[in-house]
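Colleague: Please walk me through the packing here. Keep it brisk.

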Amino acid sequence: MDLDDAVHNPEEKEYSSVSVCVGREADIKKSKRMTAVVHDREVVIFYHKGEYHAMDIRCYHSGGPLHLGEIEDFDGRSCIVCPWHKFKITLATGEGLYQSKNPKDPSAKPEWCSKGIKQRIHRVTVENGNIYVTLSKEPFKCDSDFYATGIYKVIRSSS
């Protein structure tokens, strides 16, 4: 798969800039999460601490199903924890988090560090009780792009 084409295709970029209604606000507030296909890209939408977050459904590390993960706070940041390998991804930015400790200092406390943005996040808006997702138009390559389409799809579209 050529990620350059998937991310930089001008037709896809124009198509993906259209918001798609994925469900009702009342439903996601009750369930705290939902999955959807937006322009043939699978996403998971979370409702956590009064905010909506959307990201690619497959974990950047090895395609784990993030919609089955638990949300936990690490260093004051809400993260989805991948159920396969426990990778931690911030809901707000898509950063991968890990703990690091200075091996030369046995008394040092582990610190939370960022691997950078690994998971593509998408914009969520609410209008008249409906939830809309607009796919990210950020031009950078994101590790989760590899698992966002093709054979790794979890949800099959009816078309």
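Colleague: Is F74 buried or partly exposed?

Modeller: The cut-off for buried is under 20%. F74 has a relative accessibility of 12%, so F74 counts as buried.

Colleague: Which kind of aromatic pair do F74 and W112 form?

Modeller: A pair of aromatic rings is described by the distance of the centres and the angle of the planes. For F74 and W112 the centres are 4.9 Å apart. Planes under 30 degrees apart count as stacked and over 60 as edge-to-face. Here the planes are at 55°, so the pair is tilted.

Colleague: How many residues apart in sequence are the parts that this pair ties together?

Modeller: F74 belongs to strand 5, residues 70-74. W112 belongs to strand 9, residues 111-117. The parts tied together are therefore separated in sequence by 38 residues.

Colleague: What angle lies between the planes of F146 and Y147?

Modeller: Their centres are 4.9 Å apart. The pair is edge-to-face, with the planes at 90°.

Colleague: Which elements give two or more residues to the largest nonpolar core?

Modeller: That core has 14 residues. V22, I28, V38, I45, V124 and V133 have the most contacts inside it. The contributing elements are strand 2 (33-38), strand 3 (41-48), strand 4 (51-56) and strand 11 (130-134).

Colleague: Over which residues does pLDDT stay under 50?

Modeller: The chain has a mean pLDDT of 88. Where pLDDT is low, the predicted coordinates should not be read in detail. The stretch under 50 is residues 1-13.

Note on methods
Residues numbered from 1 in each chain as written. Predicted model: local features only at pLDDT ≥ 70, side-chain atom pairs only at ≥ 80, totals over all residues. Heavy atoms only, no water. pLDDT = per-residue confidence, 0-100. Contact = heavy atoms within 4.5 Å. Core = buried A, V, L, I, M, F, W, Y, C linked by side-chain atoms within 4.5 Å. Buried < 20%, exposed > 50% of the residue type's maximum accessible area, 1.4 Å probe, protein only. Helix = DSSP H or I, 4+ residues; strand = E, 2+ residues; numbered from the N terminus. Phe/Tyr/Trp six-rings, centres within 6.5 Å; stacked < 30°, edge-to-face > 60°.
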